Amino acid sequence: MTDSMRINDREVRLVQYSTDTNWLKELPSQNWLCILCVEGTPRRYLNEVIPKLITQDVCYVCTIGAQCEFAHDLLDEEICYRETEEPPLYLPKHDIMTTWHHEFDDGIRFAIYAVNDEVIDIKTVAILDMTGGKEAARIEAVLKNLQTA
């Protein structure tokens with residue numbers, strides 16, 4: 001299930017990760033930023049998601065939640081691996097920027113308001129909640145506050 005709204009002239013989508021649904025079809029395939037929310041997320045799920053973000057031509061990934069540094073490092077490792085592998089594995093034509101944020105609210109605010117890319121005009125922010133829905137209410141509260149600000 002995807003919830004969508006407009007904040008800062010960007011479409012903001014909340015996508016719930018689940019092994020039971022086709023969450024990937026809810027993600028954009030161009031001009032987008034991903035906020036990856038991770039907490040108690042098994043590594044095998046991150047190993048599934050990270051390559052798919054890359055093949056969906058993500059421009060920027062901000063990780064938030066208890067595992068933000070870990071997920072950020074896995075993403076950077078995958079990008080480096082793809083850059084050096086022979087023959088080269090798929091990477092978008094643009095560089096993928098990555099950040100991690102321990103401050104949950106600040107990470108969402110940063111992604112929606114502060115992130116701009118010199119090459120890609122970011123039109124969509126997709127929040128991929130990989131917490132089994134544990135952080136859905138918190139994410140929605142932050143988005144509601146940003147909408148009314």
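The buried residues of helix 4 (residues 136-148) are Ala 136, Ile 139, Val 142, Leu 143 and Leu 146; buried means under 20% relative accessible area, exposed over 50% and partly exposed in between (1.4 Å probe, protein chains only). They cover an arc of only 130 degrees around the axis, so they sit on the same side of helix 4. That arc is the one spanned by the directions from the helix axis to the C-beta atoms.

Keep in mind that this is a predicted model: local features need pLDDT of at least 70, side-chain atom pairs count only at pLDDT 80 or more, and totals for chains, interfaces and linings use all residues. Residues are numbered from 1 along each chain as its sequence is written, and side-chain values use heavy atoms, with hydrogens and water left out.

**Exercise 1.** Work out which exposed residues helix 4 carries on the face turned away from its buried side.

*Solution.* Step one: find the helix, bearing in mind that helices (H or I, at least four residues) and strands (E, at least two) are DSSP runs, numbered from the N terminus.

**Exercise 2.** Find what the buried residues of helix 2 pack against.

*Solution.* Step one: pick out the buried residues of helix 2 (residues 68-84), among them Cys 68, His 72 and Arg 82. Step two: look down the axis; the buried residues fall within an arc of 160 degrees, so they line one face of the helix. Step three: check contacts (heavy atoms within 4.5 Å), and you get strand 3 (32-37), helix 1 (43-55), strand 4 and strand 5.

**Exercise 3.** Describe how strand 4 (residues 60-64) and strand 5 (residues 97-101) are joined.

*Solution.* Step one: count the bridges, remembering that two strands pair if DSSP finds at least two bridges between them. Here there are five, and the strands run parallel. Step two: take one example, Cys 62, whose bridge partner in strand 5 is Thr 99.

**Exercise 4.** Locate the cis peptide bond and two residues with positive phi.

*Solution.* Step one: the bond from Glu 86 to Pro 87 is cis, with omega near -10 degrees, and Pro 87 is in the loop between helix 2 and strand 5. Step two: Asn 31 has phi near 50 degrees and sits in the loop between strand 2 and strand 3. Step three: Asp 57 has phi of about 60 degrees and lies in the loop between helix 1 and strand 4.
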